[in-house]
Amino acid sequence: MSFAFFPHTDEDIRLMLERIGANSLDDLYADLPNQVIYTQEYDLPSAHSEEEIRARFAQLESKNTPLTVFAGCGAYDHYAPSVIPYLLQRSEFITAYTPYQAEIAQGTLRYIFEFQSMIASITGMDCANASMYDGATAAAEAVMMALACTRKKTRVLVAETIPDAVRKVIETYAKYKGIQIGFVSHVEGNTDIAHLQQELSSGDVAALLVPCLNKYGIIEDLTGFAEVLHEKKALLMNYADPSALAVIKTPGEWGADITCGDAQTLGMPLNFGGPYVGFLACRKEWVRKLPGRIVGATHDVDGKRAFVLTLQAREQHIRREKANSNICSNQSLMALYVTIYMALMGPEGLKQVNDMCYGAAHELYDRLLQTGRFTPVFHKPFLKEFVLQTDLNIATLQDELLKVGIFGALKTEEGYVSFCATERRTPEEIDKLIQVIQKM
Amino acid sequence: MKYYDKLIFEVSRPGRTGFSLPRNPWHSHTAQLPEHLKRNTPTLLPEVSEPDVVRHYTNLSNMNFGVDTGFYPLGSCTMKYNPKINEEMAALQTFKSLHPLQPDKTTQGALELYYELNRTLSQITGMAECTLNPFAGAHGELTGLMIIRQYHLKRGDTERTKIIVPDSAHGTNPASAAVCGLQVVEVNSSTDGTIDIESLKSVLDHTVAGIMMTNPNTLGLFETHILEIAQLVHDCGGLLYYDGANMNPLLGKCRPGDMGFDVLHLNLHKTFSTPHGGGGPGSGAVGVAAHLTDYLPNPRVVKLADGTFATENNPEAAGQVSSFLGNYGVLMRAYTYILTLGKENIRMAGPLATLNANYIKESLKQHYKLPILGVCKHEFVFDGLLDNPNNLTTLDVAKRLLDYGYHAPTIYFPLLFHQSIMIEPTETESKETIDEFINIMKVIAEEARTSPETLQHAPHHTPVRRLDETTAAKTPILTFEELTNVTQ
């Protein structure tokens with residue numbers, strides 16, 4: 001036997017078995033009941049050489065069609081700086097485990113500390129954890145966290161304008177955990193404060209989760225929300241796009257207590273939906289209810305500055321069924337990704353990205369209306385994504401766009417058509433999209 | 001490894017940038033947003049050039065230890081070699097540029113990979129079908145438990161709210177059960193380290209949703225009564241959940257489905273060689289037996305009669321646990337690994353991992369306390385030093401290992417012993433590497449007798465030494481802003 005990942009020679013195996021006092025490798029499994037031993041041949045492909053693997057993937061690649069993306073709905077086509085994948089491939093980062101042995105994991109611990117600092121700053125919160133799986137699971141964790149923060153409350157409100165996939169994941173977690181979820185409707189695409197006040201009157205509400213940039217692409221005006229909620233001892237929680245927060249009003253400025261979201265917008269490739277990276281941030285008073293890994297600054301016995309996983313008394317390996325959450329990892333390498341992205345972009349880069357998104361999206365919006373086939377649904381400020389009504393058949397429209405290599409015009413649950421344009425979209429691409437519609 | 005003290009914020013100088021954007025061709029810009037919707041506070045993001053960034057993060061990486069750096073015998077974590085061909089495949093541009101909501105006809109290659117990986121994992125574990133959507137092992141546990149609850153609820157069996165968890169279980173088991181709204185009932189281990197059948201029998205009734213088992217368990221012992229346990233739990237109407245964190249030694253030997261398990265999760269970042277990434281992204285694929293496939297979470301990937309692939313949502317599903325199809329890039333790596341192994345080499349993966357573990361155990365049992373004798377599987381547990389006149393702890397041993405260029409084993413887990421040292425070598429380590437490790441473990445045992453202070457103050461040669469964790473937890477400093485305020 002010889003295989004690239006197994007270093008054992010036949011002689012090694014013989015010597016090792018001898019030390020153990022076994023005659024064969026099968027002896028090491030002699031304690032298993034006979035009925036469970038799998039003696040058949042696995043119905044698996046035969047071993048592939050590297051060249052055969054490349055050929056197999058080339059075959060799969062030929063069945064994928066990369067497109068010019070004019071769609072968002074939870075995944076955004078932003079510019080990904082060249083430097084980041086190179087740094088992420090450093091094996092000291094990618095082949096490391098969770099930083100339990102802090103003395104030999106200062107690299108991981110430091111970038112997580114930087115990530116926490118940047119997320120706290122961009123959201124206007126005091127602190128953040130080491131990251132979550134994705135935005136939707138971060139939101140579900142935020143819902144559970146709100147109940148832990150407010151004790152006797154039993155219900156969490158969610159704005160109807162939250163992205164659909166996030167709503168579905170929250171509903172799934174809530175169903176099994178036994179959490180009551182209520183929904184707050186919107187007026188003209190903005191969450192309705194009057195409806196919120198009605199819902200709050202029952203006194204059982206722990207929090208409201210409301211997006212800063214909602215599923216219609218609208219920048220929500222949350223004036224007065226924090227006051228109304230806090231008066232009823234309930235929390236304001238925002239679902240936020242951290243890229244957009246470089247220019248739009250932050251959860252901190254709205255008076256939010258907890259902020260969650262997906263940081264894919266910070267330059268991560270679309271990756272067919274993952275890996276992305278969720279985040280969860282809060283005011284300092286709630287930090288002991290914050291789930292997940294948290295890194296803190298300290299020093300070693302020689303007084304050198306150092307970083308370490310901290311506040312572990314909240315976590316599952318200590319508290320088991322009484323833990324705040326079952327999460328025992330983070331999305332570490334992806335947290336490194338967005339940390340490097342934010343470092344490269346800085347405040348100015350993020351502002352430019354948002355200006356270009358705004359410019360492209362508004363150009364597209366105006367040009368679509370000019371075709372006469374679309375009408376506005378809401379008259380509210382948006383950034384890079386928006387919905388319209390159309391007299392066109394949306395499925396046909398999507399197909400016509402696909403013919404010229406464009407992916408856009410997603411149909412929403414309400415029957416609207418959704419578009420998105422990021423800084424990657426060019427005037428030529430918008431011309432092409434408009435030409436398709438003009439011919440319909 | 002070399003100490004480097006900077007944070008990226010400390011490299012920052014106003015006016016520097018590290019990005020490369022094209023000229024902005026548009027007329028409108030965010031200054032046109034209404035004033036009350038604009039950000040008014042500054043962001044504390046650094047301002048750094050591209051070379052600054054590259055050097056900073058390279059310096060940070062030099063303070064890290066990975067599988068490529070050296071031996072990583074971390075129990076229950078399966079720190080096997082992460083093949084580089086996996087990375088090459090996961091970086092393919094046509095996959096990376098796919099939007100998750102693109103029409104199925106434009107993502108056939110990506111869907112085929114998902115479907116094929118699903119099929120091969122089902123085959124390896126003896127299950128009917130998998131979901132690859134869960135993001136991590138704990139997330140897979142939660143998803144699997146949701147499926148179990150959905151199964152009982154759909155049958156109108158609403159009283160099943162208890163879940164049995166052995167005392168040797170991973171901490172995530174009871175935590176996942178609690179998040180899933182289940183009440184945890186603990187059963188004890190017997191003196192041989194496996195589940196105590198009488199203790200199990202005493203808790204079985206009509207309120208039991210199921211049992212969560214790790215097999216081999218966290219002591220590295222195969223639960224030899226598994227068929228009897230399966231019978232007992234099934235007879236009382238409960239389901240069996242398999243925690244796949246310890247699946248590695250069974251590769252090529254046996255399949256959880258054949259032992260009677262109804263639901264399982266796999267850690268693709270353990271058994272299927274995808275890198276741990278310093279704590280993620282991983283993948284916690286969940287497999288189920290035929291009677292549970294309806295309850296797998298949405299969205300799913302199916303193969304149609306014409307041989308093409310489609311995503312679909314099933315109204316019977318336990319729900320939705322991710323926005324899209326999970327950590328897809330991780331799935332590409334696991335698929336590459338399975339192709340590389342093939343049906344031929346997979347046969348050897350488990351046995352060689354088990355060989356390595358037993359070899360270490362037998363070579364060190366005269367120096368470290370072995371609480372449970374006999375053959376282990378991929379890992380085993382020592383309960384501290386055997387001859388320990390200076391009362392040194394497992395922590396001292398672990399920290400001293402760092403000095404010798406090894407990652408420490410998992411320590412103080414499982415909770416069954418006070419000084420647990422849990423060692424898992426995996427199949428990708430050579431006899432020479434393991435012999436050197438054994439030798440160093442003996443040297444440390446000797447040092448523990450002759451120069452205890454060397455261990456008590458270890459590590460000595462790492463970028464930083466033992467940390468003040470108490471102060472870190474008492475007055476948490478969690479951001480650069482707080483750090484600056486404290487320093488001033």
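## The area between the chains

Chain B and chain A bury about 17,400 Å² between them, and carbon and sulfur atoms give 64% of that area. On the chain B side, B:Trp26, B:Arg39 and B:Leu478 supply 5% of the area buried against chain A, more than any other three residues. Please keep in mind as you look around that this is a predicted model.

The contact draws on 207 residues from chain B and 186 residues from chain A.

## Polar and charged links

Let's turn to the pairs that join the two chains. Between chain B and chain A there are 14 salt bridges. To see a salt bridge for yourself, find the side chains of A:Asp31 and B:Lys377, which meet at 3.0 Å, N to O.

Helix H11 of chain B, residues 328-364, provides the largest share of the side that touches chain A, with 28 residues. Sorted by class, that side of chain B has 102 nonpolar, 66 polar and 39 charged residues.

## A covered strand in chain B

Now look within chain B at strand E4, which spans residues 208-213. Strand E4 is mostly covered, with six of its six residues buried.

Strand E4 of chain B has two parallel partners to explore. With strand E2 (residues 162-166), E4 pairs in the parallel sense over three bridges, and here B:Lys162 stands opposite B:Val208. With strand E5 (residues 239-244), E4 also pairs in the parallel sense, over four bridges, and B:Ile211 stands opposite B:Leu240 in E5.

Note on methods: Residues numbered from 1 in each chain as written. Chains lettered and ligands numbered in written order. Predicted model: local features only at pLDDT ≥ 70, side-chain atom pairs only at ≥ 80, totals over all residues. Heavy atoms only, no water. Contact = heavy atoms within 4.5 Å. Buried area = accessible area lost by both parts, 1.4 Å probe. Salt bridge = Lys/Arg side-chain N within 4 Å of Asp/Glu carboxyl O. Nonpolar A, V, L, I, M, F, W, Y, C, P; charged D, E, K, R; others polar. Buried < 20%, exposed > 50% of the residue type's maximum accessible area, 1.4 Å probe, protein only. Pairing = 2+ DSSP bridges.
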